[in-house]
Amino acid sequence: MIEEEALLGEWINQNGSTLRILEVEDASIKAVFESKKGRAARGKEYKVVGSHNGEILCFIVNFTDADENLHAMTCFNGRIVTNENGDQQIHTLWVLTRQFEDEARSKPTQVWNSFLINTDVFTRTTG
């Protein structure tokens with residue numbers, strides 16, 4: 001069983017994107033996400049909300065802030081494990097849903113092209 005305090009801290013994925021879990025209370029997660037991939041999202045922090053149940057968790061990144069709305073959201077579903085080196089990791093499957101195909105957000109996606117699916121592994125950098 002994972003204690004809520006064990007989730008707190010910074011987690012970085014294989015692309016250099018960061019999940020910083022700030023608060024965990026009653027299974028709810030509050031965090032910020034900074035992407036190193038994508039279009040205009042690079043280098044900006046976005047609010048994250050989520051939930052956990054023991055070793056499993058899910059969290060949502062809504063790529064909007066006071067300055068800009070990218071009309072995209074990503075939902076991560078994952079499991080926390082300890083790898084063979086003793087590092088804590090969150091293995092995730094994610095679905096990005098986007099409204100526009102282009103960076104200028106002038107060309108709406110067709111429904112069939114709205115979804116991108118992939119996996120990420122976040123490794124704890126601080127505790």
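The model is predicted, with local features requiring pLDDT of at least 70 and side-chain atom pairs counting only at pLDDT 80 or more, while totals for chains, interfaces and linings use all residues. Residues are numbered from 1 along each chain as its sequence is written, and side-chain values use heavy atoms, without hydrogens and water.

View 1. Cys58 is partly exposed, at 29% relative accessible area (buried is under 20%, exposed over 50%, partly exposed in between; 1.4 Å probe, protein chains only). Cys75 is likewise partly exposed, at 30%.

View 2. Thr74 is buried, with 6% relative accessibility. Beyond its neighbours within four places in sequence, Thr74 is in contact with Phe59, Ile60, Val61, Phe63, Trp94, Val95 and Leu96 (contact means heavy atoms within 4.5 Å).

**View 3. A nonpolar surface patch of Val49, Ile60 and Met73.** Together these residues have about 240 Å² of accessible area (Shrake-Rupley method, 1.4 Å probe, only the protein chains shown counting as cover). Patch residues have over 30% relative accessible area and no salt bridge, nonpolar side chains being joined within 5 Å; a salt bridge is a side-chain nitrogen of Lys or Arg within 4 Å of a carboxyl oxygen of Asp or Glu. Ile60 belongs to strand β5, residues 56–64, and is partly exposed at 34% relative accessible area.

How values were computed:
Patch = residues over 30% accessible without salt bridge, like charges linked within 9 Å, V, L, I, M, F, W, Y side chains within 5 Å. Helix = DSSP H or I, 4+ residues; strand = E, 2+ residues; numbered from the N terminus.
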